[in-house]
Amino acid sequence: MIDVENLTKRYGDFTAVEDLSFRVEKGEVVGFLGPNGAGKTTTMRILTGFLPATSGAVKISGYDIFSDPMSVKKRIGYLPEHPPVYTEMTVEGYLKYVAKIRGVPRKKRSEALQRVVNRCGLSDVRGQIIDKLSKGYRQRVGLAQAMIHDPEVLILDEPTIGLDPKQIIEIRELIRSLAGSHTIILSTHILPEVTMICQRVLIIDRGKIVADDTLQNLTAQDSLESVFIKLTTEDVQ
Amino acid sequence: MKSVMDVFHVSGRELRSYFVSPVAYVVLTGYVVLSGWFFFNLLVQFNRVLSMYEMLRRPDIAMQINLNDMVMTPLLYNMTIVLLIMIPLITMRLFAEEKKLKTDELLLTSPISVGAIVTGKYLASLAFFVLILVLTGIYPWILFHYGSPSPELGSILSGYLGLFFLGASFIAVGLFSSSLTENQIVAAVICFVSLLLFFVIGWPAETVGSTAGKVLEYLSLIEHFTDFSKGLFDTRHLVFFLSFILFALFLTKRSIESYRWR
């Protein structure tokens, strides 16, 4: 479903992502871990077509992100680090707009809206101005926005950030329920979350992959936390 | 077909967002107050001159002054100055705000072309500007209703057409300025400075030699407006305005595409 080959991104002299290669199969939920500044957001931005890569190839559902970005963009839902919401719009108005620009056909829009409003628990706030919403609700609007066109692939950059414990549980449930029918890459700093949601883990450090394995194999001997710390601090000194 | 719809989706959202913030109302009110004041003073002046010539028993001169030359043309000129200040305020948020709110990440990861985004935003501002122009239509209406003899319709329409193209060019510059920064104030200042520069760029035309002078004069936006305001319609000016606008939109598209490469 997602094929990344030798992906490299440089900003001037700084190499954000170096020679990254991995595959994600259809229906998998992959946890994308790494310390701050490891290149997680950069990688996700490249996968969604927001940033071009310096070299390497990315294919999503068989479409190349660099030569055929439109086909890829139709199939991807993306929740960036900051939910990309227009604060002066209502939740409903915003989601309708996203449905339009994401290419949901006119007849299916209200159905799509209803679906994401229900799934993301937004029915109480659908008429409210986004500016007035709490951080947790904004995050959910961000998630709803990523799902409105029912994409095959979801790329979620820290989806549970800023949520209260109850909301976190709800969102995790939601993501788990999407597994199987959707291919999901999600980045997070909360390691127990990975244990709960993901089948596979990618750990990235300073732009390089340091682990790519199923959760079971990785945590066979040690907890995910100690694996993470061992892999990502090794070469600091 | 899809990209045409995309343009309308983008401009529809943009236009609505003008009216949910106070910006639209403040700009509209400000514009009408200022142009109303100009209109009132031009009328007073017109009356004073007319009655002066009548007192001097010079009906021949009194016959020569008319509402077109004495009221409408100067009014349109004054409005260009107000536009010079108002357009940067209308256009400053177009792209700067997207970057500030990080919604550019939504737009640029959607299956919608940069061209459609730029065109959509441009048309939204243009529609708002047309609304301003329509509101100022009250002044010629007053002249037609109460003025005698009535002013000439043709030259008023031509003046408005000129004002429309001038404003449309201003908006294109504003859109480009907004794509350069995420700070709205900076966008407004860049726009204002560029517009003012294009306004007065023809000033040294007479002293810098004939070729350079002609080039400068040709680049001056107000120069192309003058004929329109006199009721002269010339396709030369139309071509200038259209190429000016298209060039600015092209630069904007390039500028948006370039964030991805920075």
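Me: Hi! At what angle do helix 5 and helix 9 of chain B pack?
Reply: In this predicted model, helix 5 (residues 93-101) and helix 9 (residues 153-179) of chain B pack at about 20°, and their axes are 6 Å apart. Axes are lines fitted to C-alpha atoms, for helices over the stretch in contact, and angles run from 0 to 180 degrees between N-to-C directions. Helices (H or I, at least four residues) and strands (E, at least two) are DSSP runs, numbered from the N terminus.

Me: What does that make helix 5 of chain B relative to helix 9 of chain B?
Reply: Roughly parallel, because of that angle; the term covers angles under 35 degrees.

Me: And which residues in helix 5 of chain B meet helix 9 of chain B?
Reply: Arg93(B), Leu94(B), Phe95(B) and Ala96(B) do, against Leu175(B), Ser178(B) and Ser179(B) in helix 9 of chain B. Contact here has C-beta atoms, placed from the backbone, within 7 Å. By class there are four nonpolar, two polar and one charged residues. Ala, Val, Leu, Ile, Met, Phe, Trp, Tyr, Cys and Pro count as nonpolar, Asp, Glu, Lys and Arg as charged, and the others, Gly among them, as polar.

Me: Where in chain B is confidence lowest?
Reply: In helix 3 (residues 59-64) of chain B, with a mean pLDDT of 76, whereas helix 7 (residues 114-135) of chain B is highest at 95. pLDDT is the predictor's confidence in each residue, from 0 to 100. Chain B averages 90. For the complex, the predictor gives an ipTM of 0.88 and a pTM of 0.91.

Me: Switching to chain A, what is the strand order in the open sheet?
Reply: The six strands run 6-7-8-3-9-10, with mixed pairing. Strands pair if DSSP finds at least two bridges between them. Strand 6 (76-79) and strand 10 (208-214) of chain A are the edges.

Me: Do strands 9 and 10 of chain A run parallel or antiparallel?
Reply: Antiparallel, with six bridges joining them. Arg200(A), for one, has Thr214(A) in strand 10 of chain A as its bridge partner.

Methods. Residues numbered from 1 in each chain as written. Chains lettered and ligands numbered in written order. Predicted model: local features only at pLDDT ≥ 70, side-chain atom pairs only at ≥ 80, totals over all residues. Parallel < 35°, antiparallel > 145°, perpendicular 65-115°, else oblique. Contact = placed C-beta atoms within 7 Å.
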